[in-house]
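Q: Can we go through this structure together? I'd like to start with the pockets, then move on to strands, salt bridges and a helix.

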Amino acid sequence: MAKTLGFISLKGGVGKTTLSAAVATHLVNAYHKKVLLIDANFSAPNLGLHMNIVSPRRTIHDVLNGDSVSSAIHQQYGVDVIPGNFLHSKEINPMLLKDKIGHLKNNYDFVVLDSSPSLNEEMLSTIIASDYIFAVSTPDYPTLSCTMRAAQLAKQRHRPISGIIVNQSHGSYDVSLQEIQESTGIPVVAKIKYDDIQHMALAERVPAPLFASGTKFVSEIDRFCRALLGLPEYSSKFMKFFSGSDERLEKVNRAILSKEFYTGAFKR
Ligand SMILES: Nc1ncnc2c1ncn2[C@@H]1O[C@H](COP(=O)(O)OP(=O)(O)OP(=O)(O)O)[C@@H](O)[C@H]1O
Ligand SMILES: [Mg+2]
């Protein structure tokens with residue numbers, strides 16, 4: 001039975017689609033998992049542009065309007081993808097998402113939902129359909145205040161956030177992981193540096209793990225994926241010696257997450 005992972009944020013442009021595409025692609029290509037990746041950003045869908053599905057024959061919008069789910073699945077980079085239609089015009093009901101994908105969970109190891117940043121039914125549909133929610137945030141105060149609001153919303157729906165992924169870190173002026181964790185009450189499970197290669201990968205429409213496999217971005221995606229699989233992290237004496245407090249915190253949080261995934265402790 002698949003675990004459904006929802007990537008959410010209340011701010012646009014933080015990296016939800018980039019990370020959804022990277023995690024899905026890496027789970028398939030590095031760990032041979034079966035993954036269904038869905039564009040749940042209904043009003044501004046663009047997962048297709050990250051996954052090189054530019055003119056999909058059917059989309060999540062058609063599925064929500066009554067077409068079969070299987071008719072909207074496109075295979076790309078080894079991943080089963082249900083893209084969105086950015087030219088959609090018909091009304092849709094986002095709250096149908098969970099029911100529409102429910103029966104597919106037996107066919108996959110993971111279902112990955114790339115959410116909308118809008119504080120409305122769109123984001124709520126991902127929150128409700130997910131077994132595990134990850135909030136993506138950049139390490140600055142304005143975005144973190146939005147992340148705290150998203151955490152509050154998820155909690156009100158009895159869907160607590162499993163972890164924060166800090167993306168587009170720049171170094172010196174970042175809010176520290178300790179502070180992020182203390183202010184949100186949510187463990188930080190990954191910290192990904194800003195890397196121009198993401199723009200190249202997007203221009204080529206190839207997710208990072210396939211575009212530039214040796215980068216720090218992909219190493220961090222790998223560490224996160226290993227936690228999702230309940231696997232221990234690779235570590236060396238060299239890394240132990242040179243890791244700072246942020247890295248140590250991340251590592252402990254991921255070990256806890258890994259254990260929770262391994263034992264199913266978070267499973268609803
Ligand atoms: N670690 C990173 N380093 C550099 N650029 C990044 C990184 N992560 C994402 N980006 C870039 O940031 C931009 C926004 O990313 P993305 O579309 O994934 O955000 P999003 O949260 O899904 O946005 P939206 O809420 O609008 O859907 C893209 O151009 C992407 O290539
Ligand atoms: Mg997006």
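This is a predicted model: local features need pLDDT of at least 70, side-chain atom pairs count only at pLDDT 80 or more; totals for chains, interfaces and linings use all residues.

Q: How many residues line the second largest pocket, and which lie nearest its centre?
A: There are 30 lining residues. Those nearest the centre are Gly 13, Gly 15, Thr 18, His 50 and Leu 202.

Q: Let's switch to strands. Which way do the residues of E4 point?
A: Strand E4 covers residues 79-82. Val 79 and Val 81 point one way, while Asp 80 and Ile 82 point the other way. In a regular strand the side chains alternate between the two faces of the sheet.

Q: Are those four buried or exposed?
A: All of them are buried.

Q: In what sense do E2 and E4 pair?
A: Strand E2 (residues 35-40) pairs with E4 in the parallel sense, over three bridges. In one of these strands, E4, Val 81 is the bridge partner of Leu 37.

Q: What about E3 and E4, parallel or antiparallel?
A: Antiparallel: three bridges join E3 (residues 74-76) to E4. Gln 76 stands opposite Val 79. E3 and E4 form a hairpin with two residues between them, and Tyr 77 in the turn has a positive phi of about 50°.

Q: Back to Asp 80. What does it form a salt bridge with?
A: With Lys 34; the closest N and O atoms are 3.9 Å apart. The pair links distant parts of the chain, with Asp 80 in strand E4 and Lys 34 in the loop between H1 and E2, 46 residues apart. In general, side chains of opposite charge can pair when their charged atoms come close.

Q: Why does Asp 80 count as buried?
A: Because its relative accessibility is 8%, and buried means under 20%. Lys 34 has a relative accessible area of 42%, so it is partly exposed.

Q: How many salt bridges does the count come to?
A: Nine salt bridges. Another of them joins the side chains of Lys 191 and Asp 246, at 3.1 Å from N to O. That pair also links distant parts of the chain: Lys 191 is in strand E8 and Asp 246 in helix H12 (residues 245-263), 55 residues apart.

Q: Lys 191 and Asp 246: buried or partly exposed?
A: Lys 191 is partly exposed, with a relative accessible area of 22%. Asp 246 counts as buried at 15%.

Q: Where do Arg 254 and Glu 250 lie?
A: Both are in helix H12, four residues apart, which is about one turn of the helix. Arg 254 counts as buried at 3% relative accessibility, and Glu 250 is buried with a relative accessible area of 5%. Salt bridges that share partners join Glu 220, Arg 223, Glu 233, Glu 250, Lys 251 and Arg 254 into one network.

Q: Last topic, H10. How many residues does that helix have, and how far does it reach?
A: H10 (residues 216-228) has 13 residues and reaches 19 Å from its first C-alpha to its last, close to the 18 Å expected.

Q: Is H10 mostly covered or mostly open?
A: Mostly covered, with ten of its 13 residues buried. Among them are Phe 217, Glu 220, Cys 225 and Leu 228.

Q: What is the relative accessible area of Phe 217?
A: It is 3%, so Phe 217 is buried. The C-alpha atoms of Phe 217 and Ile 197 are separated by 9.2 Å, and the two residues are 20 apart along the chain.

Notes. Residues are numbered from 1 along each chain as its sequence is written. Chains are lettered from A and ligands numbered from 1 in the order in which they are written. Side-chain values use heavy atoms; hydrogens and water are left out. The expected span of a helix is 1.5 Å times one less than its number of residues. Buried means under 20% relative accessible area, exposed over 50%, partly exposed in between (1.4 Å probe, protein chains only). On a 1 Å grid over the protein atoms alone, a cavity is a set of points where a 1.4 Å probe fits but cannot get out, and a pocket is an open set with protein on both sides within 12 Å along at least five of seven lines; lining residues have an atom within 4 Å of a point. Two strands pair if DSSP finds at least two bridges between them. A salt bridge is a side-chain nitrogen of Lys or Arg within 4 Å of a carboxyl oxygen of Asp or Glu.
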